[in-house]
Amino acid sequence: MSSLFVGLMSITWQQIVMIGVGSLLIYLAIAKEYEPSLLLPIGFGAILANIPLSAAITHGGEKGVLNIFFDAGILTEIFPLLIFVAVGAMIDFSPLLKKPYLLLFGAAAQFGIFFTMMVATLFGFSLKEAASIGIIGAADGPTSIYVATKFAKELLGPISVAAYSYMALVPIIQPPVIRALTTKSERKIRMESHAKSVSKTVLICFPIIITIFAGIIAPSSAALIGFLMFGNLIRECGVLNKLSLSAQNELASLVTILLGITIACTMTAERFLQPQTLIIIALGLVAFIFDTAGGVLFAKFLNLFLKKKMNPMIGAAGISAFPMSARVIHNMGQAEDQFNFLLMHAVSANVAGQIGSVVAGGLILALVGSML
């Protein structure tokens with residue numbers, strides 16, 4: 001009879017806290033719709049992983065199913081790379097190709113990554129751990145997971161939760177940072193639209209050229225960028241429409257579920273309830289804020305040399321949170337001037353941010369990997 005209550009007798013207060021954390025993530029996913037496709041599986045997986053003697057995770061020599069998925073899908077990098085195929089199939093690069101100069105914002109808005117890396121080392125994190133924390137600022141969940149898998153597997157749980165939570169909080173985090181760095185007159189600047197089309201040939205060649213160029217510059221980023229661009233090539237080639245739709249829907253849904261619930265096996269109480277978890281979540285916020293600031297300040301710097309000024313808020317859309325960040329910028333512009341339409345400009349910068357975050361992840365893998 002006592003064996004029926006062995007779970008109840010074994011539970012610790014730390015496991016109760018983690019079950020509460022898992023429940024909170026599920027609440028945020030359902031009630032607030034904060035990145036539900038990831039936070040819900042992560043939250044449920046956290047509950048599974050913290051049930052005393054749970055068969056879902058490894059105990060003694062007996063492998064749990066979550067650990068089996070983790071070893072097969074995340075340690076091998078299969079799940080993150082499949083997500084990149086799906087993301088690539090969803091991205092339309094034509095807004096960026098119409099305004100290629102906005103690619104600069106995709107680079108400028110990665111400033112927070114490198115700033116946060118330096119700060120994280122001051123808190124005692126190793127350079128690889130600091131790089132994994134800094135990449136949270138890219139607002140790109142799959143890249144965060146990919147880099148953390150390479151450099152800091154033990155921190156994968158808090159890094160994933162921070163990355164996806166802050167992506168969902170872009171409408172709350174970005175506006176005060178932008179207002180603090182811009183004047184009212186700057187936020188009212190209108191930008192001209194030049195409607196021009198991008199040829200099919202350019203759209204097809206773009207992912208191939210980027211893959212070759214980035215792969216030669218930083219070979220360690222070849223898988224990261226290559227799978228993203230492969231997904232985009234499927235979309236743009238025009239002869240694989242069924243595969244493109246499958247990548248955007250079935251593949252994305254299935255891998256996202258597996259990725260989310262599998263990451264949760266790293267969220268056991270003894271791993272997650274550590275002071276460093278709170279530090280990682282705080283540093284993730286710092287990275288987000290400084291990435292936003294980097295984009296805005298870069299736009300203001302460019303305005304020093306431009307006759308036709310650009311709205312500096314566009315720079316904030318250079319992070320990878322697509323299309324949420326672009327909508328935030330557009331809404332802020334309309335709040336200042338209802339006839340100011342910044343959406344297409346912000347979308348272009350936002351698409352640049354998607355490329356920039358992946359390139360930044362590749363550079364970190366190449367540079368930090370070669371240093372250690």
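**Note on a predicted all-chain model**

1. I11 is partly exposed, with 31% relative accessible area (buried is under 20%, exposed over 50%, partly exposed in between; 1.4 Å probe, protein chains only). Together with F5, L8, M9 and I16, I11 makes a nonpolar surface patch of about 540 Å² (residues with over 30% relative accessible area and no salt bridge; nonpolar side chains of Val, Leu, Ile, Met, Phe, Trp or Tyr are joined within 5 Å, like charges within 9 Å).

2. The model is predicted: local features need pLDDT of at least 70 and side-chain atom pairs count only at pLDDT 80 or more, while totals for chains, interfaces and linings use all residues. Residues are numbered from 1 along each chain as its sequence is written, and side-chain values use heavy atoms, with hydrogens and water left out.

3. The protein has 20 helices and zero strands. Its radius of gyration is 21 Å, which agrees with the value near 21 Å for a compact globule of 372 residues (taken over C-alpha atoms; the rule is 2.2 Å times the number of residues to the power 0.38). The C-alpha trace spans about 80 × 45 × 40 Å along its principal axes. Buried residues account for 53% of the 372.

4. Of the contacts between residues at least 6 apart in sequence, 77% join residues at least 24 apart (contact: heavy atoms within 4.5 Å). The largest nonpolar core has 101 residues, and I314, I329 and I364 have the most contacts inside it (buried Ala, Val, Leu, Ile, Met, Phe, Trp, Tyr and Cys joined through side-chain atoms within 4.5 Å). Helix α20 (residues 343–371) gives this core its largest share, 11 residues. Beyond four places in sequence, the residues touched by I364 include I113, F114, M117 and A131.

5. Helix α9 (residues 127–134) is mostly covered, with six of its eight residues buried; among them are E129, A131 and I133. G134, also in α9, counts as buried at 0% relative accessibility. Apart from neighbours within four places in sequence, G134 is in contact with I113, T116, M117 and A287.

6. M167 belongs to helix α11 (residues 156–168) and counts as buried at 12% relative accessibility. Its C-alpha atom is separated by 9.9 Å from that of I319, 152 residues apart along the chain. Outside four places in sequence, the contacts of M167 include E35, D140, F288 and M324.

7. There are seven salt bridges (a side-chain nitrogen of Lys or Arg within 4 Å of a carboxyl oxygen of Asp or Glu). K184 pairs with E336, the closest N and O atoms being 2.8 Å apart. This pair links distant parts of the chain, namely helix α13 (residues 184–187) and helix α19 (residues 324–336). K184 is partly exposed at 48%, whereas E336 is buried at 18%. A network of salt bridges links K184, R187 and E336.

8. K300 forms a salt bridge with E186, with closest N and O atoms 2.9 Å apart. Here helix α18 (residues 275–303) is joined to α13 across 114 residues. K300 is partly exposed at 23% and E186 is buried at 18%.

How values were computed:
Accessible areas come from the Shrake-Rupley method with a 1.4 Å probe; for residues, only the protein chains shown count as cover. Helices (H or I, at least four residues) and strands (E, at least two) are DSSP runs, numbered from the N terminus.
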